[in-house]
Amino acid sequence: MTLSSIKIIIPYFGQWPEWINLFMQSCEYNPSIDWLFITDCGFPDIQPVNTQFMETSFDEYKAQISTKLHIDFSRATPYKLCDLKPAYGLIHQKHLQRYDFFGFGDMDLIYGNLRHFLTEDILRRHQLISTHNNRISGHFCLLRNNHRMISAFRQIHDWKNLFENPEHLSLDESKFTKVFMPHRK
């Protein structure tokens with residue numbers, strides 16, 4: 001049986017955390033999942049074959065986001081990228097063409113065997129998979145790579161202004177959850 005293809009997108013700017021090699025090992029131990037890092041941090045010591053590093057400056061990345069989303073993202077800090085996680089499918093669409101799922105995650109954790117939980121049965125039955133049962137989790141979320149899920153962020157009320165606001169608003173968890181669970185309090 002062919003496994004569903006998955007690519008996790010993690011933009012990270014500034015300086016790699018001191019545990020970067022441990023994080024890279026957790027990527028390596030998930031060989032059937034690909035990882036894309038957009039960064040200005042250079043290359044870490046450990047670069048598993050299932051990882052890809054796209055080097056760019058934060059200013060260049062903000063310009064790319066502004067163009068792709070038709071917003072002004074110029075005032076953002078790297079932490080503001082968390083708010084854009086729901087839009088990574090559109091921002092990085094050219095890197096996702098051959099994947100069944102795309103996802104976002106954080107680097108302040110160590111992943112175990114993700115395929116133990118992300119079985120083909122689970123992937124076949126769901127459009128979105130999160131590690132919480134009552135909200136979307138910013139530290140790990142998968143979305144089916146289709147038009148509906150790529151553009152789901154556009155259902156966030158006033159998304160353009162929220163994305164342009166330089167303050168971190170936890171949109172990846174709060175407002176994005178409301179798209180799929182509108183009556184959640």
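Q: Which term, buried or exposed, describes both Lys-85 and Asp-172?
A: The model is predicted: local features require pLDDT of at least 70 and side-chain atom pairs count only at pLDDT 80 or more, while totals for chains, interfaces and linings use all residues. Residues are numbered from 1 along each chain as its sequence is written, and side-chain values use heavy atoms, with hydrogens and water left out. Relative accessible area under 20% is termed buried, over 50% exposed, and in between partly exposed (1.4 Å probe, protein chains only). On this scale, Lys-85 and Asp-172 are both buried.

Q: What N to O distance is found in the salt bridge between Lys-85 and Asp-172?
A: A salt bridge is a side-chain nitrogen of Lys or Arg within 4 Å of a carboxyl oxygen of Asp or Glu. The structure holds nine salt bridges. In the one formed by the side chains of Lys-85 and Asp-172, the N to O distance is 3.9 Å.

Q: How many residues apart in sequence are the parts that the pair Lys-85 and Asp-172 ties together?
A: Helices (H or I, at least four residues) and strands (E, at least two) are DSSP runs, numbered from the N terminus. Lys-85 belongs to the loop between α2 and α3, and Asp-172 to the loop between α7 and α8. The pair therefore ties together parts whose separation in sequence is 87 residues.

Q: Which helix holds both Arg-125 and Asp-121?
A: The side chains of Arg-125 and Asp-121 meet in a salt bridge of 3.2 Å, N to O. Arg-125 counts as exposed because its relative accessibility is 51%, and Asp-121 counts as partly exposed because its value is 34%. The two residues are four residues apart, about one turn of the helix, and both lie in α5 (residues 120–125).

Q: Which residues lie closest to the centre of the largest pocket?
A: On a 1 Å grid over the protein atoms alone, a pocket is an open set of points where a 1.4 Å probe fits, with protein on both sides within 12 Å along at least five of seven lines; lining residues have an atom within 4 Å of a point. Strand β1 (residues 6–12) gives the largest share of the lining, three residues. Of the 22 lining residues, the closest to the centre are Tyr-12, Tyr-79, Cys-82, Lys-85 and Asp-106.

Q: How many disulfides does the structure hold?
A: A disulfide is a pair of cysteine sulfur atoms within 2.5 Å. The sulfur of Cys-82, a buried residue at 17% relative accessibility, is 13 Å from the closest cysteine sulfur, in Cys-141, which is too far for a bond. Cys-41 is buried at 18%, and its sulfur is likewise too far for a bond, at 14 Å from the closest cysteine sulfur, in Cys-82. By this rule, the count of disulfides is zero.

Q: Which residues does Ile-65 contact, leaving aside its neighbours within four places in sequence?
A: Contact means heavy atoms within 4.5 Å. With neighbours within four places in sequence left aside, the contacts of Ile-65 are His-70, Ile-71, Phe-73, Leu-81, Leu-84 and Ile-91.

Q: Which residues are in contact with His-95, leaving aside its neighbours within four places in sequence?
A: His-95 is placed in the loop between α3 and β4. Its relative accessibility is 16%, so His-95 counts as buried. Apart from neighbours within four places in sequence, its contacts are Lys-7, Leu-36, Gln-52 and Met-54.
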